[in-house]
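I opened a notebook page for this structure and wrote down what I looked up, in the order in which I looked.

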Amino acid sequence: MAVVWLVLTIVLAVIELTTLGLITIWFAIGSVFALFVALLGGNTWVQLIIFVIVSALTMLTVRPLATKYINSKVKKTNIDAVIGRKLIAKTDIDNVKGTGKVDMDGSTWLAASSIDEVVINAGDEVRVVRVSGAKLIVEKVFQ
């Protein structure tokens, strides 16, 4: 059984290294502990129990800390970076008439109000609340 745990540890570690998703590392740690139990002569059931307990404990205790510090350095890209940005309405944004444009980083985007009845005037400051296809859904920023 020690060979099985060793192979499992290596496979899980390689998967983790290729994905970097903090998914299989917890099971790799559990399999290392199960490998030690196998080398000490523990039976298969004890090895499996150790594998499950150690994997679960490391995932429950270490994963929240690891994801907090690893994900804190992730920079938003593409559409995720647009949400929350403040822009200026280039034209009146009127959902009933189907009009609305905003400028963002030198390009013009179609825009719609997040509330159908609200008309946003050209020149008003708006905040992007979501993206729907190629259209920015915005709300007026009140000073």
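I began with the surface: the protein exposes about 9,400 Å², of which carbon and sulfur atoms supply 67%; these areas come from the Shrake-Rupley method with a 1.4 Å probe, and for residues only the protein chains shown count as cover. I noted that this is a predicted model, in which local features need pLDDT of at least 70 and side-chain atom pairs count only at pLDDT 80 or more, while totals for chains, interfaces and linings use all residues. Residues are numbered from 1 along each chain as its sequence is written, and side-chain values use heavy atoms, with hydrogens and water left out.

Next I looked up burial, and found that buried residues make up 28% of the 143 residues in the protein; buried means under 20% relative accessible area, exposed over 50%, and partly exposed in between, with a 1.4 Å probe and protein chains only.

For the elements, I recorded four helices and five strands, where helices (H or I, at least four residues) and strands (E, at least two) are DSSP runs numbered from the N terminus. Along the sequence they follow the pattern α-α-α-α-β-β-β-β-β. The radius of gyration is 26 Å, well over the 15 Å that the globule rule gives for 143 residues, so the protein is more spread out than a compact globule; the radius is taken over C-alpha atoms, and the rule is 2.2 Å times the number of residues to the power 0.38. I also wrote down that the C-alpha trace spans about 75 × 25 × 25 Å along its principal axes.

Then I turned to strand pairing, which requires that DSSP finds at least two bridges between two strands. Strand 2 (residues 101-104) and strand 3 (residues 107-113) run antiparallel and are joined by four bridges, and Val 102 stands opposite Trp 109 in strand 3. The hairpin of these strands has two residues between them, and there Asp 105 takes a positive phi near 50 degrees. Strand 3 is also joined by four bridges to strand 5 (residues 135-140), with the two running parallel, and here I found Ala 111 with Leu 136 of strand 5 as its bridge partner.

My last entry concerns Glu 125, whose place is in strand 4 (residues 125-132). Is Glu 125 buried or partly exposed? Glu 125 counts as partly exposed because its relative accessibility is 25%. Its C-alpha atom is separated by 46 Å from that of Ile 25, which lies 100 residues apart from Glu 125 along the chain.
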